[in-house]
Structures are given as C-alpha cells and as structure tokens.
Amino acid sequence: MKSKCPICKKPSVLEFRPFCSKRCADIDLAHWLRGDYRIEGEEEKKEENEEGDEGE
Ligand SMILES: [Zn+2]
C-alpha cells in the first residue's frame, strides 16, 4: 500500500512517512502549531444575516 505525501503529493518515504521528506514533515507540523487545521465536522460559519430585518 503506497501512500503519498500529504504536503506535496509525492510518494512518501519510509523514513519520513507519511511524508516524503523531513521538510514536508516540518511543514505539516508548522501547520498544526499554527492551528491551520480545523477539526472535521465543524463547518465554517457563514455570514449571518445582519441586514436588520425589522419585522414590524
Ligand atoms: Zn512532500
């Protein structure tokens, strides 16, 4: 079962799997540390209606 580097899509290298290199592993780690990844299932909230829909 081959896997690809999630960063650059190159074939992963055993030593660095699932990444292809330490560079990509570092990039991934950096993403995590910065909080770039969101938890799945939590959808991004879209703009709420703020048009002041005054009923009466
Ligand atoms: Zn890579």
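These legends accompany an overall view and close-up views of a predicted model.

**Figure 1. Overall view of the protein.** The predicted model contains 1 helix and 0 strands. That helix, H1, covers residues 22–34. The protein has 56 residues, and 9% of them count as buried. Take the contacts between residues at least 6 apart in sequence: 0% of these join residues at least 24 apart.

**Figure 2. Close-up of Lys-4 and its contacts.** Lys-4 sits in the segment that precedes helix H1. Its contacts, leaving out residues up to four places away in sequence, are Lys-9, Lys-10, Pro-11 and Ser-12. Lys-4 has 13 C-beta neighbours inside 10 Å, so it counts as partly exposed. The cut-off for exposed is 12 or fewer.

**Figure 3. Close-up of Lys-4 and Pro-18.** Along the chain, Lys-4 and Pro-18 are 14 residues apart. Their C-alpha atoms are separated by 6.8 Å. Pro-18, too, belongs to the segment before H1.

**Figure 4. Close-up of the Arg-17 to Pro-18 peptide bond.** This bond is cis. Its omega is near 5°. Pro-18 lies ahead of H1 in the chain, and its C-alpha atom is 6.8 Å from that of Lys-4.

**Figure 5. Close-up of Lys-9.** Lys-9 is located in the segment before H1. Its phi is near 70°, a positive value in a residue other than glycine. Lys-9 counts as exposed because it has 10 C-beta neighbours inside 10 Å. Lys-9 is also one of the residues that Lys-4 touches.

Methods
Residues numbered from 1 in each chain as written. Predicted model: local features only at pLDDT ≥ 70, side-chain atom pairs only at ≥ 80, totals over all residues. Helix = DSSP H or I, 4+ residues; strand = E, 2+ residues; numbered from the N terminus. Buried ≥ 20, exposed ≤ 12 C-beta atoms within 10 Å, placed from the backbone. Contact = placed C-beta atoms within 7 Å.
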